[in-house]
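Here are my notes on your model, in numbered points. Keep the structure open as you read.

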Amino acid sequence: MTNTETIMDDDQVLVLDGVAKQYGGLPALSPTSLTVQRGEFLTLLGPSGSGKSTLLKLIAGFESPSSGAILLRSRDISGLSPAQRQLGMVFQSYSLFPHLTVAKNIEYGLKRRKWSLPRRRARVAEILAIVKLEHRAEALPAELSGGQQQRVAVARALAYDPDVLLMDEPLGALDRTLRLEMESEIKRIHGELGTTFIYVTHDQQEAMHLSTRIAIMNNSRVVALGTPDDLFRNPPNAFTAEFFSDATTVPAEIDSEKRFRWENGTGYWEAPAGMSPGRYTLGIRPRAARWGIVEGAPALRGKVRSSMLFGDEVRVLIDSDTVTGLRVIVPARATGFSPGEHVDVSIPWEDAILLPRET
Ligand code: ADP
């Protein structure tokens, strides 16, 4: 995308065209272009300080871009206030009006938009049913659990049927059990309504469960964009392999005779077909590693540093001469793993991540 005159097709709800933000000359968001399709659940995922909230705030209108344009249904909204943008917003702090009942909290935005009383009533009832809070319509926020308050916040943001719902770490304040429950609820609500969701989190699992697509952010840029499954299996760069696929990355190379070697390698292996000579990064996902020697697969000999049993799986940390802290998850075995035990680990090519080394 090169300019804001680009014609959007009907399925493109939101287009970011070279949107960037600096604070005092430092980039909080490097120029970013991104198209969001109608009905998507797009998650911005990245470590703290990677620019997720900045990008969300620019879309919401709480910040204005230093350059670039934001188009909502083909209209440039870059200069509009948050209220003029007609987007729904849910924050980690629920930001409910404490003195208003659940129903009145939800109705508030509809009143401001001058909906008639019968229409408001009908919509509040409808949206309360969607978030399964019909029985709490007359309660005050303080009388609700954290999860219920978050549902009210979602209901309020969705009540007037916005083009896009923006959510900034909405589950951050909930405990683990409630988080998982709310995750399923948010997924269900998205499925039932078909509204476009843009969601910010630093939690890889949450992003994986919820999203139709994930934009992975690092150092104020989107460094990968794709479906959860594709990003997990085929991360396009070492950062994504480590941060999203939970891979340990190791320098490797393929020489002019198509032989593969990695730094701690005890030998050479035939490189996978079609790979050119050069410097590579080998990414090893915890479940990609196999115990023992597998014919034709790169292998390493190391020592068990520690192991932890998780039901029928064991998470083992392995150190070798050059690789420290290789994370491996294997089926539990009767004898367990002792610290200091020598082990051979292989990474079959079909499960390995092989990326050209970034300079
Ligand atoms: P994330 O949401 O991924 O944690 P942010 O978007 O909040 O990251 O921040 C991205 C970068 O921009 C960080 O380096 C942060 O310190 C900087 N930043 C964010 N907001 C401001 C601000 N209002 N003033 C100055 N720097 C900011």
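1. Start with one cut-off. A residue is buried if its relative accessible area is under 20%, exposed if over 50%, and partly exposed in between. Apply this to phenylalanine 243. Its relative accessibility is 23%, so phenylalanine 243 counts as partly exposed. Phenylalanine 239 has a relative accessible area of 22% and is also partly exposed. Keep in mind that this is a predicted model.

2. Now the overall picture. The protein chain has 359 residues, and 49% of them are buried. It holds nine helices and 20 strands. Along the principal axes, the C-alpha atoms fill a box of roughly 75 × 50 × 35 Å. The accessible surface is about 17300 Å², and carbon and sulfur atoms account for 50% of that. Take the contacts between residues at least 6 apart in sequence: 65% of these join residues at least 24 apart.

3. One annotation comes from a record. UniProt, in an unreviewed entry, lists residues 14-244 as "domain: ABC transporter". In the model, this span is 38% helix and 26% strand.

4. Next, the rings. How many aromatic pairs does the count come to? The total is eight aromatic pairs. One of them joins phenylalanine 41 and phenylalanine 197, with 5.3 Å from centre to centre and 45° between the planes, a tilted pair. This pair links distant parts of the chain. Phenylalanine 41 belongs to strand β3 (residues 41-45) and phenylalanine 197 to strand β8 (residues 196-201), 156 residues apart. Together with Tyr199, they form one aromatic cluster.

5. Compare the two phenylalanines from point 1. Why is the pair of phenylalanine 239 and phenylalanine 243 called stacked? Planes under 30 degrees apart count as stacked. The planes of phenylalanine 239 and phenylalanine 243 are at 15°, with ring centres 5.3 Å apart, so the pair is stacked. Both residues lie in helix α9 (residues 238-243). They are four residues apart, about one turn of the helix. An α-helix has 3.6 residues a turn, so residues three or four places apart point the same way.

6. Rings also meet charges. The charged end of arginine 156 sits over the ring of phenylalanine 97, 5.7 Å from the ring centre. Arginine 259 lies over the face of tyrosine 268, at 4.2 Å from the ring centre.

7. Look at helix α3 (residues 102-112). Its buried residues are Val102, Ala103, Asn105, Ile106, Glu107, Gly109 and Leu110. Note that a glutamate, Glu107, is in that list. What covers these residues? The cover includes α4 (117-130) and α5 (146-158). Just after α3, lysine 114 takes a positive phi of about 65°.

8. Turn to the sheets. Strands of a sheet pair through backbone hydrogen bonds, either parallel or antiparallel.

9. Finish with strand β17 (residues 313-319), which has two faces. Val314, Val316 and Ile318 make up the covered face. Glu313, Arg315, Leu317 and Asp319 make up the uncovered one. Strand β16 (residues 299-310) pairs with β17 in the antiparallel sense over seven bridges. Here glutamate 313 is the bridge partner of phenylalanine 310. Two residues lie between the strands of this hairpin, and glycine 311 in the turn has a positive phi of about 65°.

10. β17 also pairs with strand β18 (residues 326-331), antiparallel over six bridges. Valine 314 has valine 330 in β18 as its bridge partner. This hairpin has six residues between its strands, and glycine 325 takes a positive phi near 75°.

Notes:
Residues numbered from 1 in each chain as written. Predicted model: local features only at pLDDT ≥ 70, side-chain atom pairs only at ≥ 80, totals over all residues. Heavy atoms only, no water. Buried < 20%, exposed > 50% of the residue type's maximum accessible area, 1.4 Å probe, protein only. Pairing = 2+ DSSP bridges. UniProt positions renumbered as here; feature names shortened; annotations may be inferred. Phe/Tyr/Trp six-rings, centres within 6.5 Å; stacked < 30°, edge-to-face > 60°. Lys NZ or Arg CZ within 6 Å of the ring centre and 35° of its normal. Contact = heavy atoms within 4.5 Å. Areas by Shrake-Rupley, 256 points an atom, 1.4 Å probe, with all protein chains shown as cover.
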